[in-house]
Amino acid sequence: MKFTIKRQQFTNALKFNVNIIDNININPLLNSVLLKVGNNILTIISSNNTISIQNQVKESLEIVSDGKVLVKGRILFNILSKIKEEEITFEIIDNSIGRVSSSSFSSDINILDATSYPNINFSHEGWQKFSLPQELLGSVVSKLAPITVHTNEYNSPLAGVLFDAKRLAGCIEAVGTDSFHLAYLKREYTGEQFKMVLGSEVLKHLSELSSLGKNIVFYLNNFHLIIEVDNFLLSCRLIEGEYPSAIKAIEMEQQFQFQVSKSLFNNALDRGMILAAGDKKPTVLLHITPGKVKLTCRSIEYGSSYEELDINGYEGESINILLNVKYLSDLIKNIDSEKVVFAFTAANKPIILKEENNNNYTSLILPIRNI
């Protein structure tokens, strides 16, 4: 096996495969990449048992002899990143060494038995095919994925984002939650009907693919998904299990609401968190009266802070609501309008956050306890 390729071309292709490799796994296959050359194509495959990636390079490639090799992915990537010359050659020496060389540099890397690598099937013929708006994918990654549960238990529905193109005609909905706070997106959509829970790890790689600015195509078959971008394929198993019926809480009519400046409220939270962050569960107490909201953050170790802001639209009696200040800050920062709309029925009921004059993004946070 021997081929010559533009260094930047090889590095750009390899970085996506290297990003999913599990470097601490004792199984050497899960921190290696499979390189195959044949039919004027370089194919790069890697997997971490949850996600598998196939990347093909056809340009700036000259194949001297066909073959395949299994090599430590991150070591190969780091070597390529340090080479200054534009063109590099990769070849197998004595069936046990992979040699990376340029006009002034050469490095020998121990290789593994390529026949021991699992046969990963990236075929998707006959699968349900659909595309999603780029803007929706970007919003899901930035606003919904961070709210999901961060766990190694991949099968937990709360470790992913729900995409539902079945419930509402002409719309697609996306929900992310950890059961304490929640974010919801809705967009117009007239494509294939489907429903799936996509893991946050997959969404992270999907964000990287979105940055390429190319058309992203999805292929769905039961609980398996393949994502295609040009010559790149990402295969994963969807998260199974029933997703919480969180949308119903957002759709419930709320008795009270008020509007407040996003920037002023967010700045007040930031100042309060300086003290509250010292607690394991940092909180902010909202004391709401007609025309005013008072924010109180306390820490047993550091002290307390108080700040009062003007609000519009509230006509109820005074009420106290205790919230996790970090969760609330996360949701406020994702609001795009200048005004944040708070809607609620009681101090112990879910608090709904909305953008002014926009129902396409909504979030929810649960109070900590009765005051």
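I looked up the neighbours of Asn55: leaving out residues up to four places away in sequence, Asn55 touches Ala13, Phe16, Asn17, Leu42, Thr43, Ile44, Asn231 and Phe232, where contact means heavy atoms within 4.5 Å. I note that the model is predicted, with local features needing pLDDT of at least 70 and side-chain atom pairs counting only at pLDDT 80 or more, while totals for chains, interfaces and linings use all residues. Residues are numbered from 1 along each chain as its sequence is written, and side-chain values use heavy atoms, with hydrogens and water left out.

I located Asn55 in strand β4 (residues 51-57); strands are DSSP runs of E with at least two residues, and helices are runs of H or I with at least four, numbered from the N terminus.

I then turned to the helices. The axes of α1 (residues 7-19) and α2 (residues 73-82) come within 10 Å and cross at roughly 150 degrees; axes are lines fitted to C-alpha atoms over the stretch in contact, and angles run from 0 to 180 degrees between N-to-C directions. The two helices are therefore roughly antiparallel (angles over 145 degrees).

I listed the residues making this contact: Arg7, Phe10, Thr11, Leu14, Lys15, Val18 and Asn19 of α1 meet Gly73, Arg74, Leu76, Phe77, Leu80 and Ser81 of α2.

Key
Parallel < 35°, antiparallel > 145°, perpendicular 65-115°, else oblique.
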